[in-house]
Amino acid sequence: MKIIVNAKPHEVAATDLQSALQELGFAGSSVATALNGSFVSRSQRAEVPLAEGDRLEVLAPMQGG
Amino acid sequence: MHFYGTEIKSRLLLGTAQYPSPAILAEAVQASGTEIITVSLRRETADGSGAGFWGSLQDTGCRILPNTAGCHTVQEAVTTARMARELFGTPWIKLEVIGHSDTLQPDVFGLVEAARILSGEGFQVFPYTTDDLVVGEKLLDAGCEVLMPWGAPIGSGQGLRNPDALRAMRAHFPEVPLIVDAGIGRPSDAAQAMELGMDAVLLNTAVAKAGDPAGMARAMAQAVEAGRLGYKADPMERRDMAVPSTPVLGMAEFA
């Protein structure tokens, strides 16, 4: 199915958030996630199903003021 | 000085953005003597570039104050704060809800609302706010125990645009830690903020965009220290007219 990851369309086979992150190559990274504008904690990821057109944000530590 | 029960010795907080290189950032952090650095969250790439930066931050030994920079709505700021708490493992959040893209002025209405939500979830909120006393009161009522009034617009380096308002904040909130956040351009600006009785100064661009960031970080640290000592030493009152400092008594007559 097609989902939007960090504003770019991606085709994923995974049907839950945890598997999708692995498929997208974020498995080893220190990231935080939000699905359709809502925070999804690390411990919830495996139980959160994905649907066509979902908007996923994958954020990491960056420089800031 | 305590922020949410945590004792902090350095009164200079430093941002980590816009440095010429990671090595220069690390030098500046070291030279500043800061104990608290601010960071943000941005979209990760699959190569894990964020993880490398996170590692270098941990090497500094500083406490991390994540921000919600760039958020324009309560929902964006709250979601970003929740993500930051998980990512950085801290309840501290520098809460920014931006109301205007040109001035980066805080949307104080959204700020108070977001502060109330996050305080209710156990966050320890450092709100980036204006120097408005009523807004300050509402932020305290929402659960904030620290206030961060602006000195001037973010990144402008204009110094303190309204010292009288900051002085009024000090008088009105004698027990609340006040951190001037944004607008500091030069060491004299930082010293002025501290002379007004502010508890600390948070700055970024003034150091990152200096020709010698580590040198400027050192200068800022000394300015903050000097301003604080000056405030504690109770400066003299200004006078309208000259008053000789050398005794007149015993003056010779040559005419």
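Student: Happy to start with W54(B). Why is W54(B) called buried?

Tutor: This is a predicted model, and in it W54(B) has a relative accessible area of 12%. Buried means under 20%, so W54(B) counts as buried.

Student: Why is the pair of W54(B) and F88(B) called edge-to-face?

Tutor: Take the distance, then the angle. The ring centres are 5.1 Å apart, and rings pair if their centres lie within 6.5 Å. The planes stand at 85°, and over 60 degrees counts as edge-to-face, so that is the name for this pair. The structure holds four aromatic pairs over all chains.

Student: How do you know that this pair links distant parts of the chain?

Tutor: W54(B) lies in helix 2 (residues 49–60) of chain B, while F88(B) lies in helix 3 (residues 74–88) of that chain. The two are 34 residues apart.

Student: What makes the pair of W92(B) and F126(B) tilted?

Tutor: Their centres are 5.0 Å apart, with 55° between the planes. Under 30 degrees would be stacked and over 60 edge-to-face, and the rest count as tilted, so this pair is tilted. W92(B) sits in strand 6 (residues 92–95) and F126(B) in strand 7 (residues 124–129) of chain B. Both residues are buried, and together with F3(B) and Y4(B) they form one aromatic cluster.

Student: Why does D199(B) count as buried?

Tutor: D199(B) has 13% relative accessibility, and the limit is under 20%, so D199(B) counts as buried. D199(B) is found in the loop between helix 7 (187–195) and strand 10 (200–203) of chain B. Leaving out residues up to four places away in sequence, its contacts include R11(B), R170(B) and R228(B).

Student: Turning to chain A, how do you know that its radius of gyration agrees with a compact globule?

Tutor: For 65 residues, a compact globule would have a radius of gyration near 11 Å. Chain A has 11 Å, so the value agrees. Its C-alpha atoms fill a box of roughly 35 × 25 × 20 Å along the principal axes, and buried residues make up 48% of the chain.

Student: What pattern does chain A follow along the sequence?

Tutor: Chain A reads β-β-α-β-β-β, with one helix and five strands.

Notes:
Residues are numbered from 1 along each chain as its sequence is written. Chains are lettered from A and ligands numbered from 1 in the order in which they are written. This is a predicted model: local features need pLDDT of at least 70, side-chain atom pairs count only at pLDDT 80 or more; totals for chains, interfaces and linings use all residues. Side-chain values use heavy atoms; hydrogens and water are left out. Rings of Phe, Tyr and Trp (its six-membered ring) pair if their centres lie within 6.5 Å; planes under 30 degrees apart count as stacked, over 60 as edge-to-face and the rest as tilted. Helices (H or I, at least four residues) and strands (E, at least two) are DSSP runs, numbered from the N terminus. Buried means under 20% relative accessible area, exposed over 50%, partly exposed in between (1.4 Å probe, protein chains only). Contact means heavy atoms within 4.5 Å. The radius of gyration is taken over C-alpha atoms; the globule rule is 2.2 Å times the number of residues to the power 0.38.
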